[in-house]
Amino acid sequence: MRFQPIGKTLTCNGIARFTFKGIGLGIARDSSIIRFAPVLSFLILAIFQIIPSQAAIPEDPAFGYPAPPANVVAKDIPNDAGKSIIINWDLSPDDIKENKKFIGYEILRSTSSDTGFVIIGSATAGSSQLSDNETVDGVFYYYIVRAVMGSMFSESPPAGPAASSQQWFHLGRINTLIALLVISISIVWYIERAKKGEKLFIRKIAGLEAVDEAVGRATEMGKKIFYVPGTQDMDNVQTIAGVTILGRVARLTAQYETPLEVPVSRSLVMVTAREVVKEAYLNSGRPDAYSDSMVYYLTDDQFGYAAGIEGLFVREKPATVFYMGAFYAESLILAETGNSVGAIQIAGTAMPAQLPFFIAACDYTLIGEELFAASAYLSKEPKLLGSLKGQDFGKLCILLAIMLGVIIQTSGLYDFTKLFIVR
Amino acid sequence: MRREIPLIITAIVGFTYIIQFFVPHWPFNILEGLLTSWMLIIFAFAIWLGALNLLKVSLDKISKRSRDWPYAIITIAGFLMIAIPGFLFSGGRRFQDPGTAFDYIYQNVYSPLSSTMFAMLAFYVASASYRAFRARTKEATLLLLAAFFVMLGRVPIGDVLSSFLPEGYRMSQMADWIMNYPQTAGQRAIMIGIALGIVSTSLRLILGIERSHLGGE
Amino acid sequence: MFDKLLKIDRRIIFIFVALALIVPMFLTITQHISVSPEVQIIYDTLKGLQPGSKVLMAFDYDPPSAPELQPMAVAILKYCFKNNLKVYIIGLWPQGPMQANMAIDNVISDPTFKDNPPIYDKDYVNLGFMSGNELVIQGMGSSFLHTFPRDYLGKPTHQLEMMKGVNNFSNIDFIVNLSAGYPGTVEWVLFAVDRFHAKLAAGNTAVQAPQVYPYVHAGQLSGLAGGLKGAAELEKLVGFYGKGTKFMLSQSFAHMIVIVFIIVGNAAYFITRKK
């Protein structure tokens, strides 16, 4: 009688390994059976030798062996830098919530389909996936998934071979690339048109219109202006936008000879803000009025910074305060204190959670994208205005996509949201 | 050249970040981590810049007897109070371990002070709400009503007061509805606008069109 | 008189708010706490986990936000330990792991766990703080061991029993992020969920929560607990009542006081306008 493998792997103490298709059999891990593994292997082999090839031993829960996981598939993780293979499997039929004895899965790996399997990871009950991130690119691996129940286990047939590799392009991000290209090209296109002298319309932004008035008020009152560029560092675009607007404000304070103070919470912001203010005073023909002490560091600590500024507001009673940048919970602490000392306050942030606070406590608030538009708005420089127009085109595309998506998704024609999944 | 070099660095790093997002292959896959590590190192060293500036400004105030100079003494005292135990009396690199002098100051001085500052928000929210929530216009009235439902719906007393209403229309459910639909819709719109603003600003920075943060025009 | 009301000294409002917050702390009024669908999802997901499942808890907050987020942390930890879920703690904020230790101490002091207190490296591990913000999350997507080479106590992570077989997010069944700002829930959604397809729930401060609501609707967040109310709801669901529930009374009174002031302010506004 010919031995015919019919589907299952059986391991005994790492000594013997036999693969039989469709036969559910497990071995107690710590039982004495392991010690007699070679002998048992012979016995089992002998038993199987006399069983007709089509026969399969049904799973017998009385033995406590779990049914093995089925359909084990190992494949290279796509769109990555290599060194990773993902293993998927169908849950063992014994992997049900009511079965408290079912522990989970162990994943074994080898470069050969029949020997040298070692455990490389485990997954809890209910999991059907594991990624092996310790592979060598180009080497073919085989995987076995072992279902563990109590002290018993059973194994799937080896899956594979699979080899990891790295890719040159992330196919899951094509949609992002298209969106990036559309927005970038439209921005560059409108910048070019603006450079050629085309007149571009920009709607009035009340908060920015009020900048002159706010600086003027401080000048008339002979009081200070405080400029707070947020609590984040120079790697945050909002801080960059805040420092950019500071340049415009500093030019006005230089012209009006109004005292300006910029307390900052990050060292690099201090260095940058100093450069910006110095340049603004130089360009306004007032380099003598500039001093490094106008921009100073308080602390990196969020609430320490808020406390420091509160103290300054209460003592100095500024006529005008600007908040431009990224803010967190300190926003209302600052704005309410500014309000209590009677300052005119203009805020701008792209932190959605802080906008309501600024709106409640400040005279004018630049909402989200208005902060980023401020530089273009204040300078009226065609190139910057062109970029705003390009940004608007991007918004139009998004609006159209939303409307189209609502129609297609509602009608059930196609799962439109799929197009926007970024991996 | 003083301006050109930062602009070139910005352009190179900016494009590198964009490329590594789309190209998972080595060496692009390590660039983001590498550049960010550099950035963190620069930030770490820059803290000294700020700390020294703080000391310089405070000492200047004291020596010149500027206005409110006693506060500068408190600043310096506070600075030394945390720096000296942290550097010298807290077990070196394991200064954050429980039981060290630094940990004691952190738990008993820093934590209560920070918590107090954050707690002040409760008071400021009340005074700001009192001023801001006035039914001056139709929009302001809508805002006021939304605030009313959310504030009551977010606390158990809201459901007690509206227990006579049918299930689905009680305060907590109204608050959930406001948070889930009108609020989320507004948030989404603002977030889309912000995202586009960030793309546009970033592009201006990478292409060197926006250079006022470097002190230029 | 109404003119004066419109320009009321804010310190008067402060006194009323202070009283509304302090007095209820000495009262023992039982309140019915209704559970919002967003918090229910967190509980349902936790309930769906089998014993031995791995829960990653990211403590991304510091002491100022602890009154809102710490009760959430304690409630979730208690549920996990009671139901034999393995907890992996990390922090993207330097103070996060310290907050986690305080929460664990709270669990240990609970009489429910007197006979069976959570044991380090059996029931939970604290991998500590790692700087790098969202890049840490990205690194964890590839390898936990490389991202956190040592745990909070300085022990090499690969020597920890609980880290065996834990390579990346694919080995984690559920992530709970408790966040007070940046880096926080938004970064976890962008990296752990969108890039590595992890299952994530969030606990946020009340101020921060509205910003992440859109992620719940989009299915990127498996639940959201916002502020003290979210903490109280979690406590109700897991059956361990703590500070979240206790301080709800103070919050109820404070909200009522603010509403009363708003009504008074509007009444004064309309009366003075008519004049």
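Predicted model: local features only at pLDDT ≥ 70, side-chain atom pairs only at ≥ 80, totals over all residues.
# A walk through a three-chain model

Let's start with a pair of helices: α4(A) and α9(A) cross each other in a left-handed way.

To find the pair, look in chain A for helix α4, which runs over residues 237-256, and helix α9, which covers residues 369-379. Their axes sit 8 Å apart and meet at an angle of about 25 degrees. Because angles under 35 degrees count as roughly parallel, α4(A) is roughly parallel to α9(A). Which residues in α4(A) meet α9(A)? They are Gln238(A), Ala241(A), Thr244(A), Ile245(A) and Arg248(A). Facing them from α9(A) are Leu371(A), Phe372(A), Ala374(A), Ser375(A), Leu378(A) and Ser379(A). Sort this contact by class and you get six nonpolar, four polar and one charged residues.

Now zoom out to the whole of chain A. How many helices and strands does chain A have? There are ten helices and 17 strands. Chain A has 423 residues, and 49% of them are buried. Then take the contacts in chain A between residues with a separation of 6 or more: 67% of those contacts involve residues 24 or more positions apart.

One of the strands in chain A is worth a stop. Strand β11 of chain A spans residues 159-163, and Pro161(A) is found there. The peptide bond leading from Gly160(A) into Pro161(A) is cis, with omega near 5 degrees.

On the side towards chain B, 63 residues of chain A are in contact with 48 residues of chain B. The chain A side of that contact divides into 34 nonpolar, 16 polar and 13 charged residues. What about chain C? Here the contact takes 21 residues from chain A and 20 residues from chain C. On the chain C side, three of the residues that touch chain A are nonpolar, 13 are polar and four are charged.

Let's step across to chain B. Its domain assignment gives domain 1, covering residues 1-88, and domain 2, covering residues 133-217. Where the two domains touch, seven residues come from domain 1 of chain B and seven from domain 2 of chain B. The domain 1 side of that contact has four nonpolar, two polar and one charged residues.

Two spots in the loops of chain B deserve a look. In the loop between α1 (4-22) and α2 of chain B you'll find Pro27(B). A cis peptide bond joins Trp26(B) to Pro27(B), with omega about 5 degrees. Further along, in the loop between α2 and α3 (69-88) of chain B, sits Asp68(B). Asp68(B) isn't a glycine, yet its phi is positive, at about 60 degrees. Is Asp68(B) buried or exposed? Because a residue with 12 or fewer other C-beta atoms within 10 Å counts as exposed, Asp68(B), with 11 of them, is exposed.

Finally, chain C. Chain C has twelve helices and six strands, and along its principal axes its C-alpha trace spans about 75 × 40 × 30 Å. Of its 275 residues, 57% count as buried. Among contacts in chain C between residues at least 6 apart in sequence, 72% join residues at least 24 apart.

Our last stop is helix α6 of chain C, residues 134-142. This helix is mostly covered, with seven of its nine residues buried. The buried residues are Leu135(C), Val136(C), Ile137(C), Gln138(C), Met140(C), Gly141(C) and Ser142(C). What covers them? The cover includes α2 (28-64) of chain B, along with α7 (144-147) and α8 (185-193) of chain C. In the loop between β3 (124-129) and α6 of chain C lies Asn133(C). Asn133(C) has a positive phi of about 50 degrees, although it is not a glycine. With 19 C-beta neighbours inside 10 Å, Asn133(C) counts as partly exposed.

Definitions and conventions:
Residues numbered from 1 in each chain as written. Chains lettered and ligands numbered in written order. Axes fitted to C-alpha atoms, helices over the stretch in contact; angles between N-to-C directions. Helix = DSSP H or I, 4+ residues; strand = E, 2+ residues; numbered from the N terminus. Parallel < 35°, antiparallel > 145°, perpendicular 65-115°, else oblique. Left-handed = near helix turned anticlockwise from the far one by under 90°. Nonpolar A, V, L, I, M, F, W, Y, C, P; charged D, E, K, R; others polar. Buried ≥ 20, exposed ≤ 12 C-beta atoms within 10 Å, placed from the backbone. Domains from an automatic or database assignment.
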